[in-house]
Structures are given as structure tokens and as C-alpha cells.
Amino acid sequence: MRKLLFMLTTLLLAAPAFAQPGGAAAPAGGWNWSFAALGLGFAVGLAALGQSKVAAAVAEGMARNPSARPGIQLALFLGLAFIESLVLFIWVMIFLRAS
Amino acid sequence: MPEQLPFTALLNRAFAGPVTAALNALHLYPKYPAAPISNPVAMQILVVLLLVVAFMLLRLRLSVDHPGGMQHMAESTHEFFSGMGRELIGHDYERFLPYITALGIYILACCLIGLVPAFESPTATPAVPLGCAIATFVYYNFHGVKHHGAGYAKQFMGPVLFLAPLVFLIEVVSHLARVLSLTVRLFANMFAGEMVTLAFFSLIPLGVPVIFMGLHIGVALIQTYIFVLLTCVYLGAAVSHEH
């Protein structure tokens, strides 16, 4: 285990060997899109976690009480749509500003 | 000349002169005087015309003994909005039913017309959902004032009197945020649906974008329902009686 850790650390330290001699160039289109992608990735990941909780609760509810399906399905769509809208809020802000 | 849809070009060919003259009289100078009507405006006019024709047809086909398909659809729509109003607004909901039903049908038609080739969704531009949200804001505040009179401001004061200035500020900001959230929610969902379809169209032009157009239909239905639901909730809050 310790040998594995030492090997991995050495490999990571050797990473700068891949740097180009001309110096790292800025990404095409500037840094805006990189930061935007990072932020959006965060937003989508957290939204996915939230939506998964909703879906799990819906599945359990429908399993416990199959006759309540219409009401539970309604709550499912409402919950998912609201969480999705939050991600779309931040996407619209980024799309409008970071172009 | 801007990029125009066929229907927009038709409207501009027919009405560009009078519309530009009317706008100039109001000191508004369109960027392209030969095409003062933009795509979203033309699409909204088309939606209104189609809805008027549909409702006229429906009126002609109403019958007590032999209800047709359109009548069934209209009755179930009425049931749907009526149930939502009763549940969220309370006992006096019939007054608001015309606005709620018209808003719901209009937004749904605007969102769905973008799926037809040669038309685009007016709700995919920020101005149209903003218009709907401002209309809702004015409507529920108007009815709140009409119902409560000057006591409408008490809703904004909060429970305790000495916190009233702070709570008033927070309430005003929260009400303005409602307009913003209604607008951005509808606009972002419609715009994102379009972008996603375009993105997959640029990758695989055949077959795959149809899946995303189907998703767009589902999203349009859900977002219309959410818009009308929130309108009913705000109306209910504005005209509520603290018995």
C-alpha cells in the first residue's frame, strides 16, 4: 500500500514534464468559458443529487401505495421541474454574459 | 434586413408602413423601418389569431345532446383550471378563472408553436415571458387592492409591528423576485429546449432531434402548468381572508 502511494506521488510530481516549452497558452475564448463550465458542472451535479432524492422518494411512495399514483406523479413532475429550473437560471445568466 | 420567418415577412410586407408610422408617432424608431414587426411579435399575433379561430369553431360546435371532441377537450380544460383555482384560491375563485385559463392556453400555444417548422416560439425570447409575468403581477396586486383596499399593505408588514420596515423591504423584493423567477423559468426552459435540439441537430441531423422535440413538448406542458399554478398561488395569497 505504501509503495503504491509513493509511486503515485512520484508520478504526479512528474506531471510538469508534459508542459510545453512555450508556456501554457490561455484556453481558446478566454477563461470565461472554463469558469462557466466549472460552475455549471457544480450546479448540474448538485441538481442531479436533489432530483435523485425526489425520484427515490417518489419510487418509494408509489411502491408503498400504488393507488396514489396520480398525485405522486404530479408531485414528481413539479419537483423535478423546479429543480431543473434552478440549473437553467444559472445557465441563462452564463449564456448571456460569458459569450 | 433582419432574418425573418415567412409569416413575419408577410406581416411586414402588408403592415410595415402603418406600423412604422404609428411607432414614430410615439417617438419609437425601429431599427429596420421596412420590418418593424419582429419575429416574436409576429408569432404572438399568429397564436392569437389561431386561438380566436379555434374558439370560434368551438362555439359553433357546442351542443348539449351531441358533444363533439372539441367540446370534450374544452370541458376537461375548464375542469382542470377550475379544480386548480378551487384548490389554491378558495371559495371565490370563479372571478379569476377567465384570466387563468386564457393565460394557460396562451402560454401553451406560444410554447408549442415553436415545434412547427417555419415558426418559432415567442416564449424563447425574454420579452414574452416577461410580459406574461408582469401581467400576472399587475393582475394579482390589482385584485389584492380591490379585495382588501388599503389594508392590502398589511400583508407586507409582517406579524410584529416594530419589524414592519424591514419586513416591508423584504416583501417588496420578494414580490419583484416573483416576476423575475416566473420570467426566467419559462424563458430558460424554452430557450434551453431550442438550444439542445439545435445542438443535437448539428451532430446528427436525422432522427435524434425528434427525441428532444418530444422532450420540449413535455417541458412546455410542465412549465405552463407551473406558471399557472404559481399565478393561482399568488392570487390566493393576495385575496386571502385571515378569518
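Trainee: How many helices and strands are there in chain B?
Mentor: This is a predicted model, where local features need pLDDT of at least 70, side-chain atom pairs count only at pLDDT 80 or more, and totals for chains, interfaces and linings use all residues. Residues are numbered from 1 along each chain as its sequence is written, and chains are lettered from A and ligands numbered from 1 in the order in which they are written. Helices (H or I, at least four residues) and strands (E, at least two) are DSSP runs, numbered from the N terminus. From that end, chain B runs α-α-α-α-α-α-α, giving seven helices and zero strands.

Trainee: What percentage of chain B is buried?
Mentor: A residue is buried if 20 or more other C-beta atoms, placed from the backbone, lie within 10 Å of its own. Chain B has 243 residues. The buried part is 28%.

Trainee: And what percentage of chain A counts as buried?
Mentor: Chain A runs α-α-α, with three helices and zero strands. It has 99 residues. Those that count as buried make up 5%.

Trainee: What share of the contacts in chain A with a separation of 6 or more comes from residues 24 or more positions apart?
Mentor: Two residues are in contact if their C-beta atoms, placed from the backbone, lie within 7 Å. For chain B, the corresponding share is 64%. For chain A, the share is 70%.

Terms used:
A residue is buried if 20 or more other C-beta atoms lie within 10 Å of its own, exposed if 12 or fewer, and partly exposed in between; C-beta atoms are placed from the backbone.
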